[in-house]
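Colleague: I would like to go through the terms used for this model and check each against its cut-offs. Please start with how the elements are assigned.

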Amino acid sequence: IFPTPGSAGNNVAPIFEWKSDNDADEYVFMLSDNPSFDMNLATLLYTETIMDTFFELDDILSKSTLYYWTVLGQNQCGAAINGPIYTFGTEALSCASYTYNDVPLGISQSGVIEIAMPIDVIGEGKVVDVNVLKVRGTHSWVSELRGELVSPSGLSVLLFNNKCGNQSNFNAGFDDDAVGGITCPLNQGIFYQPQEALDTFMGEEIAGVWTLKLTDTKIGNGG
């Protein structure tokens, strides 16, 4: 049986496993955060009918949460009335902030310049939420800049691009839950929703090098 019944600190994306039943043609998998759940209760989070003796959720579970699950064998005569209910706890939710300290960095006026700001994240687990707390700098034309965040796997999310015309300088944070999208000027020191959703990173491994990339897309201005 996996996750091990009564265990704690489990990954938020477990693969459930159970023993086979010789009388079963298929299995009904059920998962809840309520110990007294059944097929008719609203607390049932997942239910799936499958042929195998293992199941992987399409979604990730919440951290620091106690879950209950069961599997009912089923054949042409019907499903088992009840079965043992197993419980397990997920890993504790942790939150950390990382800063790139090798600044200031110059943006040359000649050529298309890409500045990479890598941050090495050490740890275990998968991404549940990502925010960019602050990107700050000077530039003659902010509209010539493109900012993006790249995960260790190479997945990229666009934060901003071609915004605010000939206005200068930038000071902004990015959060999917911000009040609204990007408004100008971009130097107000407030949070905006990025042009592409940061929740694209959900489920990615946290460990590895995360890179903030800033590209000056035109020749002639710097910062």
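Modeller: Helices (H or I, at least four residues) and strands (E, at least two) are DSSP runs, numbered from the N terminus. D175 is found in the loop between β13 (170-174) and β14 (190-192). The model is predicted, so local features need pLDDT of at least 70 and side-chain atom pairs pLDDT 80 or more, while totals for chains, interfaces and linings use all residues. Residues are numbered from 1 along each chain as its sequence is written, and side-chain values use heavy atoms, without hydrogens and water.

Colleague: What makes E148 and R146 a salt bridge?

Modeller: The term requires a side-chain nitrogen of Lys or Arg within 4 Å of a carboxyl oxygen of Asp or Glu. The N to O distance between the side chains of E148 and R146 is 3.6 Å, so the pair meets the definition. The structure holds 1 salt bridge.

Colleague: Why is E148 called buried?

Modeller: Buried means under 20% relative accessible area, exposed over 50%, and partly exposed in between (1.4 Å probe, protein chains only). E148 has 14%, and is therefore buried. R146 has 26%, so R146 is partly exposed.

Colleague: How do you know that D175 has no salt bridge?

Modeller: The nearest side chain of opposite charge, K134, is 14 Å away from D175; Lys and Arg count as positive, Asp and Glu as negative, and His and the chain ends are not counted. D175 is buried, and the side chain of D175 reaches the backbone nitrogen of D177 at 2.8 Å.

Terms used. A polar contact is a pair of N or O atoms within 3.5 Å; within protein, one must be able to donate a hydrogen and the other to accept it, and residues adjacent in sequence count only if both atoms are side-chain atoms.
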